[in-house]
Amino acid sequence: MSSARVEKLLQSMTPAEKIGQLIQYFYFRLPERGDPSMVPPGQVEAVEAALAAGRAGSLLFVTDPATSNRLQRQAIAGNRHGIPVLFGFDVIHGLRTIFPVPIALAASWNPELIEQSQAVAAREARAVGIHWAFAPMLDIARDPRWGRIIEGAGEDPYLGSVVAAAQVRGFQGPHLGADEHIIAGPKHFAGYGAALGGRDYDEVDLSDQELWNTYLPPFKAAIDAGAGNVMSAYMDLNGVPATGNRWLLNDILREALGFEGFVVSDANSARDLAAHHYAADLTDAGARALNAGLDLEMAILDPAFEHLDEALENGQVDIERIDTSVRRLLSAKEALGLLDDPFVDEQAAQTVLNDPAHRETARKAAEESAVLLRNENDLLPLTGIGSVAVLGQMANSKRDTLGPWIFDYDLEETVTVLEGIRAHAAGLETPVEVTYAPGVPSPVRLFPSMFDMWGDGSKTGENFDSEAELSRAVEIATAADVAVVVVGERQDMIGETASRSTLDLPGEQLALLQAVVATGTPTVVVLMSGRPLDLRWAEANTPAILQVWYPGTRGGEAVANLLFGQAVPGGKLPFTWPRHVGQVPMHYAHTRSHDPSKQGRRYWDEESTPLYPFGFGLSYAKFAYSNLAVSSPSTPVDGVVTVSVDVTNTSGRDGNEVAQLYLHQRYGTASRPVRLLKGFRRLHLRAGQTERVEFAVTAEERRYWSAATRDWVLDATSFDVWVGSSSTADLHTEFTVTD
């Protein structure tokens, strides 16, 4: 329900003024490092003209508080009712303080840390005049070729739902309009992560059971947490473009999931209804999008909603539908307090952006997100060494350390892996000598990234002598006690328009790794990526592999702390790690299907099993699970079963562990996956400590959507229960659900 103030304002507006509120423009002002030639000619002038005419309700990509205030004054002066604009921005994993990328935060399996991280991002964003984040991205991703896997929480709907709710709470606070918080904008509704072949923007075909059981739960969790906005997706879903799909945006989003906020299009996706050959022209595209349930069109230039005057005149839309969208947007502006105080304190902004507590939170997040994939003979943590060779271009690339999907970063304060190791080594009681060589040139994309317009900063410099640099890397590795080889994908090789046809280490990085290992020096692989890469050779030939993702502003400090044991890895994989690209898509929650005993032999030339399973992650500490029990051997259909287990730190050092609960339904209305995550707890256990962990298995955890009944189902059946440190946990019990 809208307020009396909003209703009075709505009644006083002309149709043209209402339509202006439904348009959001990009406002491209690139930093000095950017490429101004990439900005569409006349774009800035056109947007300011729209503001002066009262034909813009929202802007995006404004991060300077002075610019925000200037544009806000233009908007208010150009609007007869003094209605301010809503400023949005891609606050994906931080604004000035850059946190680990979203897939990394999911790998922490720590919702409290995730909430805290996004609260810091929200505080910085609100300080500079941003009101709304185009995040979190909630697309389930089961094909790692898809570049935007980095923005989400991986392959699992349960983990994705917990992460989604935590991010919404972090961005929005206890309620929409909370002080120092912003609107959360979950995206992309819906199914975008299932793009055909992992190719960004390509069509998606999903069965109903996949949509309801796998792809919608994170959105439901975000909506239940109070998300004020949802973004529609670019692609066709089952043959209908998502931005023009009334069944999706109305029947599912609003009626089934209960969403009450406003819906924004992805960039130009309302215009693109014509590009899809779904709409006849821009007038038709605007009418179809509005009638489908879109409230606000995000556009670069010439938005389809600019043609709603014509659509209204010819009867393609009606004023009541326009009023509905305007009401939602005005209500959001009122909730944020913009109708009373639309300006930002320019002086206070710098104090917030420079808060050292924000950097500490980022360092902690980077430490908790790292996943230890291999550690033979306890090579890590590094102790008793006199020298370490740090190798690889990415070890000293500030831009790559931060990762993609950031636009207001400060490279000067970014700590690279090399810088972190040098600082840590110098501070030890017995200093460790650190040497460095890039080894091989930084790899490049065949097709450049559209985000290079903001300045790349991670390419190889001119006059790089590949042969000489590789020889130098081998030389310093030979002389060192330990080699740390930092490899992965450059930050522009992952994210939007960054899908890949392979999962190989790009460029000559594998050759560098092989040359270093051939020296006989113990080698640690530090991997910077947002997707699983082909690590078969590294797994077979190197003793230690640490996945650090893109760790952010204080990433180098965190990596050094992890390598030298000041921090202990405790992250777990949020996706299944395939052996190579020929296995994808691969996820743990498949059905038993025919001949389940030979699941690992589906391919005749290689095991049909992952390199690392979902939920996997080692630690410097060791943990044991015992005394698994259920509160009752049976429960009614609507009952609750409590599963409890002892988790013991059996080692001599403190550490973090994530206890994970998996269920399997043995029979019922449909075949159910072999295992489904239905609970987890991140624990900090002192050396020798045991903690009793309890999980409540409610009817909600057992409910699913069945293609047989085309409805939600709760079966009377038997359930297997496993609890352990990954999806391959073998500690087992069971219970029965009765009518």
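Predicted model: local features only at pLDDT ≥ 70, side-chain atom pairs only at ≥ 80, totals over all residues.
Numbering runs from 1 along each chain as its sequence is written, and side-chain values use heavy atoms, with hydrogens and water left out.

What's a pocket here? On a 1 Å grid over the protein atoms alone, a pocket is an open set with protein on both sides within 12 Å along at least five of seven lines, a cavity is a set of points where a 1.4 Å probe fits but cannot get out, and lining residues have an atom within 4 Å of a point. Volume is the space filled by probe spheres set on the points, with grid points joined across faces, edges and corners.

So, the largest pocket holds about 1000 Å³ of space. Helix α8 gives the largest share of its lining, five residues. (Helices are DSSP runs of H or I, at least four residues, strands are E, at least two, and both are numbered from the N terminus.) By class, that lining has 20 nonpolar, 11 polar and 11 charged residues. For the classes, Ala, Val, Leu, Ile, Met, Phe, Trp, Tyr, Cys and Pro are nonpolar, Asp, Glu, Lys and Arg are charged, and the others, Gly among them, are polar.

The second largest pocket comes to about 600 Å³. Its lining has 25 residues, with His 587, Tyr 588, His 590, Gln 599 and Val 674 nearest the centre, and it splits into 10 nonpolar, 11 polar and four charged.

Last bit, packing. Helices α19 (residues 466–479) and α20 (residues 509–517) pack at about 35°, axes 9 Å apart; axes are lines fitted to C-alpha atoms, for helices over the stretch in contact, and angles run from 0 to 180 degrees between N-to-C directions. Leu 470, Ala 473, Val 474 and Ala 477 of α19 meet Leu 512, Ala 515 and Val 516 of α20, contact meaning heavy atoms within 4.5 Å. That contact has seven nonpolar residues, no polar and no charged ones.
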